[in-house]
Every structure is written in structure tokens, then in C-alpha cells.
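Take a moment to look at the fold before reading on.

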Amino acid sequence: MAIGPQDGRDWTSNGTADYDAYFGTPTHDDHVLFELLTVGVFQVGLSWQAAASKLPVYRRLFAEMVPQVVAGFDEEVDGERIANDPDMIRNGRKIRAVIRNARGIVKVQREFGSFADYLWQFVNGTPLMLPAVTRDELTNQSAIGTAVAKDLKRRGFSFVGPVVTHMFLLAAGILREQVIDA
């Protein structure tokens, strides 16, 4: 099983396996994009495995990952409730960022119709193949990731620097990497 639009109540899945199976699959689903972005936010300072392993916990604590519901959370009250859950990564700044990002998604949906439409416009609707590199040359940033990060921040998103945004765009299949085995 991989991340899907109906997984909000799946609180017992293997988040690491779900994320790994999904990584790089192009998606136009706002629910899936919110889940992938949330993993990216919590990945800062951690391994992707540690952040992704909590995907079922995020679903449980962040209202089944429905951006419209999470956007209505109180950053302090709900943030503290979420941080006090024994299964949660207890970083208050990241928890508040998820709430802010849900609010950003709702605003983007109003303007563009969907979060996916907004993101895919940066690549003219087609996954962007990054220049081919060897495994030693792989990077965690790109010009497009930096541009999207800047625009997301302008729209009120948090924890969306160039690295997080680049990795998020890769996870969502919006960016693709071509690796040449050297």
C-alpha cells in the first residue's frame, strides 16, 4: 500500500513503507500532497525514515490530514494537544508549521482551484526531469525547488526552505532525477 487520498483513517499502516513506495509517483491529489509536505516538514533534522514512520500518527492527530480541518486548528491549543501525544514528534515549531501549511493550502485552493494545480504550474503540468547526474553528484536543492519555496513562504507556508521543498517536489513526482550509474 502507498499513500492515497482515502488513507486518512489508516492509523496502523507502516508509514515508512507507504512513503517509500509512493516517493516519486506523480500526484495531483491535494490530500496526498499535504501528507508528503508534512513528512517533509518533520524530516528537517531527522532521517526520512524517522519522519515517514510517523505518517499514521500525523493522520490521527491532524484530522485525517484534511487541510480544511487542520487549517481551523488553534496553533497553541491544538499544537500543545498534538505535542503531548506520546507517539508524536514533539517539535512545536513543526507542529505549528503543519497547521500554517494547511491554511496555506486552503488559500492556494481558493486561488488556483487546487494545491496540485498551483504546484504543477511550475513545471507546465509535466514532471520536470533534472539534469542527469551520478549518485555522487545528487543534490538536495534545485533552482525550481528554491523558486517554489520562495513562493510558498510568500503565501504563508512554514518550514518550506529550498531543501524541504526540493525533496517534497521529488516525493510528489513533480521533479524527477535521472541518475547515471558511474
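**A walk through the fold**

Of the contacts in the protein with a separation of 6 or more, 71% are between residues 24 or more positions apart. The model behind this value is predicted. The protein has ten helices and four strands. Read from the N terminus, the elements follow the order α-α-α-α-α-α-α-α-β-β-α-α-β-β.

The overall dimensions come next. Along its principal axes, the C-alpha trace spans about 50 × 35 × 30 Å. A compact globule of 182 residues would have a radius of gyration near 16 Å, and the protein agrees with this because its own value is 16 Å. Of the 182 residues, 52% count as buried. The protein exposes about 8,600 Å², and carbon and sulfur atoms supply 51% of that area. As for charge, there are 19 positive and 22 negative side chains, and the centres of the two sets lie 6 Å apart.

Now find helix H7, which covers residues 92-112.

Leaving out residues up to four places away in sequence, Asn101 touches Leu37, Val41, Phe157, Ser158 and Val160.

Ile82 sits in H6. With a relative accessible area of 0%, Ile82 is buried. Which residues is Ile82 in contact with, once its neighbours within four places in sequence are left aside? They are Leu61, Phe62, Phe73, Met88 and Ile95. Ile82 and Phe62 are 20 residues apart along the chain, and their C-alpha atoms are separated by 8.1 Å.

The loop between H6 and H7 holds Pro86. Is Pro86 buried or exposed? Pro86 is exposed, because its relative accessible area is 62%, and the cut-off for exposed is over 50%. The C-alpha atoms of Pro86 and Val57 are separated by 10.0 Å, and the two residues are 29 apart along the chain.

Move on to helix H9. H9 has twelve residues and reaches 17 Å from its first C-alpha to its last, close to the 16 Å expected at 1.5 Å a residue. Its buried residues are Ile144, Gly145, Val148, Ala149, Asp151 and Leu152. These pack against H8, strand E1 (128-129), H10 and strand E3 (175-176). Just after H9, Gly156 takes a positive phi of about 95 degrees.

Helix H10 contains Met167. Met167 counts as partly exposed because its relative accessibility is 25%. Not counting residues up to four places away in sequence, Met167 touches Phe23 and Asn140. Met167 and Gln109 are 58 residues apart in sequence, and their C-alpha atoms are 22 Å apart in space.

Two backbone angles remain. Most residues other than glycine have a negative phi. Glu64, although not a glycine, has a positive phi of about 60 degrees. Glu64 lies in the loop between helix H4 (55-61) and helix H5 (67-70). With a relative accessible area of 24%, Glu64 is partly exposed. Phe159 is likewise not a glycine, and its phi is positive, near 60 degrees. Phe159 is found in the loop between helix H9 (143-154) and helix H10 (162-171).

Terms used: Residues numbered from 1 in each chain as written. Predicted model: local features only at pLDDT ≥ 70, side-chain atom pairs only at ≥ 80, totals over all residues. Heavy atoms only, no water. Helix = DSSP H or I, 4+ residues; strand = E, 2+ residues; numbered from the N terminus. Buried < 20%, exposed > 50% of the residue type's maximum accessible area, 1.4 Å probe, protein only. Rg over C-alpha atoms; globule rule 2.2 N^0.38 Å. Contact = heavy atoms within 4.5 Å. Areas by Shrake-Rupley, 256 points an atom, 1.4 Å probe, with all protein chains shown as cover. Lys, Arg positive; Asp, Glu negative; His and termini not counted. Charge placed at Lys NZ, Arg CZ, Asp CG, Glu CD. Expected span 1.5 Å × (residues − 1).
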